[in-house]
Amino acid sequence: MRSALYNKLLLVFGPRPPLNWLLLFLVSILVLIALLGSSSTNGFDSVTTSARPDMFSNYRRLKEQAVSDYLELKKLGANPSNDFDLCGKERENYVPCYNVSANLLAGFSDGEEFDRHCEISREHQYCLVRPPKDYKIPLTWPSGRDVIWSGNVKLSKDQFLSSGSMTKRLMLLEENQISFHSDDDEMTVDGVKDYSHQIAEMIGLGSDADFHEAGVRNVLDIGCGFGSFGAHLLSLRLMAVCVAAYESTGSQVQLALERGLPAIIGNFISKQLPFPSLSYDMVHCTQCGIFWDDKDGMFLIEVDRILKPGGYIVLTSPRSRQQRNKGSISTPFEEYTQKLCWNLVAKQEDTFTWQKTTDARCYISKHGTFPLCNGDDGSSYYKPLVRCISGTGSKRWIPIQNRTSGSLGSSELAIHGINPEDFYEDLEFWRSALRNYWSLLSPLIFSDHPKRPGDEDPMPPYNMVRNVMDMSAHYGGFNTALLEARKSVWVMNVVPVGERNTLPTILDQGFAGVLHSWCEPFPTYPRTYDMLHAKGLLSHLATEKCSMVDLIFEMDRILRPEGWVIISDKVAPIETARTLVTQLRWEARVIDLQDGSDQRLLVCQKPFVRK
């Protein structure tokens, strides 16, 4: 909707004023806003317990910000139509940083050509990734976990028919839908539910409902297939995150996310996963295609790095280069597990379960073991794989069986170097903010959603948001507030590289999270998140000297049609972002918090655009 000021400008300049005039006028408005601290007329309840104005402190900083904003707008001004075109059909499932041809030309080989190389793929084609021809808005949660539209994923009928018997037992391919059998389905008697129960028995539990009693709250599922095991664990209130390699067709990660399940693209090739040491309570792999004894056992060392003391490793049909026979593992594989101080807990048919030692001294006492790593291992952002043991000197070396359940207490926060008052103040902020967010959005998201032409009336609970990406998660307070409010969503908590590394705090609360630099694309497929949330990210981006234009286009890529965006930041970057998103055809509204600060909310919705 055009503002009154805009209509007056049309009378002065005409319907199509010179582009440079508009850009200079907009920058002048931004400067005046920053200087005068003017407030908009939009009303919104205060979302903070204490106002903390952070205005520009001097003219030089203001001038630099204005110049930066102008250059961002001028960068887009080359497009005379002010709206960007859709990308070609070949980019419907485009994932940057995974260009195999470019990686080969750059000299990568021995599997590294399939790894993530953002330094090679620096394409800047500003276009909107279009949805496939038969794309439909995902079904509401939780029914969308078990039924997806086949046109939304790149999984052909031939791929389905050529898959194994387990896949056919857990999936049903209909004319335009793929159905996954739920936990209550009788056909899962010899499938996922029984398999989960078997794992529980192997670690000494009576039922998989008792995983929490063994200290298991989060699970890394390597090569998750179609996500059925992770879906079952989520029903048990365990956070299961799928990590699987990039695939140009039939992607596991894409299908899992389409079901509304946590997943990211990640490889066991040459780099560490973007998690800190001591991150997960259990690591699981079923026929995930990794030769675990390759590269002198460095893949197993990487599993050990991200596993917490006392955590479990579950491998079904593990592959090795020197496999003796079915149901056994190679001698090098056994030697590596002994050097890693893993204790073989149980073996049933093709499934092996180990437990990581709780005694950090074990790595030193064993003869011929791997050396200990030197330096800080708390941050790992695609560093090269190492042949040393991490985490033994960390204050977070706490057996999973000894942890307190529920939220982090003062002693746990002290281990992370966090002041409890800061932590709980942050949490109270997000409790209040969430109430305001949902009072604003609930008529559109968590109530009777307007019927689209040709669609049937939606069924309860009318929940159009299954997952949320918190692009600057801090302590994970937004995630906690969602759980406390009993919103049936999960959150991918992203800690930006360059900010304080609070990811260990987030993971120790049992949440999903990952390190990421927003100067680069996120490792996921297009249209995989229902809502994007970011507080202070635009200002952080400026300090990292990264492009806001690239960030907005990346947000458009990973957000599904009709998905939502909530950005909280200072006036100047918010106004710049609003100008950008309107050129991407988003509906956008700026909201003044009316708390005396220069903070604003930018609330957007991405349209369902076809061509």
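Axes here are lines fitted to C-alpha atoms, for helices over the stretch in contact, and angles run from 0 to 180 degrees between N-to-C directions. Helices (H or I, at least four residues) and strands (E, at least two) are DSSP runs, numbered from the N terminus.

This is a predicted model, where local features need pLDDT of at least 70, side-chain atom pairs count only at pLDDT 80 or more, and totals for chains, interfaces and linings use all residues. Residues are numbered from 1 along each chain as its sequence is written, and side-chain values use heavy atoms, with hydrogens and water left out.

**Exercise 1.** Work out how α7 and α8 pack.

*Solution.* 
- Start with the geometry: α7 (residues 192–202) and α8 (residues 228–235) have axes 10 Å apart, at an angle of about 70°.
- Next, pick the label. Angles under 35 degrees count as roughly parallel, over 145 as roughly antiparallel, 65 to 115 as roughly perpendicular and the rest as oblique. So α7 and α8 are roughly perpendicular to each other.
- Then the hand: a crossing is left-handed if the near helix is turned anticlockwise from the far one by less than a right angle, and right-handed if clockwise. α7 passes α8 in a right-handed crossing.
- Now the residues, with contact meaning heavy atoms within 4.5 Å. From α7 come Val-192, Lys-193, Tyr-195, Ser-196 and Ile-199, and they meet Ser-228, Phe-229, His-232 and Leu-233 of α8.
- Sort them by class: five are nonpolar, three polar and one charged. (Ala, Val, Leu, Ile, Met, Phe, Trp, Tyr, Cys and Pro count as nonpolar, Asp, Glu, Lys and Arg as charged, and the others, Gly among them, as polar.)

**Exercise 2.** Which residues join α18 to α19, and of what class are they?

*Solution.* 
- The axes of α18 (residues 548–558) and α19 (residues 571–583) come within 10 Å and cross at roughly 55°, which makes α18 oblique to α19.
- This crossing is right-handed.
- Met-548, Val-549 and Ile-552 of α18 meet Pro-573, Thr-576, Ala-577, Leu-580 and Val-581 of α19.
- Seven of these are nonpolar, one is polar and none is charged.

**Exercise 3.** Describe the link of Cys-87 and Cys-127.

*Solution.* 
- A disulfide is a pair of cysteine sulfur atoms within 2.5 Å, and the model has seven by that rule.
- Cys-87 and Cys-127 form one, with sulfurs 2.0 Å apart.
- The pair are 40 residues apart: Cys-87 lies in the loop between α3 (59–76) and α4 (100–105), Cys-127 in the loop between α4 and β1 (147–149).
- The turn about the S-S bond is 100°, a right-handed link.

**Exercise 4.** Where does pLDDT stay under 50?

*Solution.* 
- pLDDT is the predictor's confidence in each residue, from 0 to 100; the protein's mean is 80, and 74% of its residues reach 70 or more.
- Residues 77–81 stay under 50, with three contacts beyond four places in sequence.
- Residues 446–462 also stay under 50, with 25 such contacts.
- Where pLDDT is low, predicted coordinates should not be read in detail.
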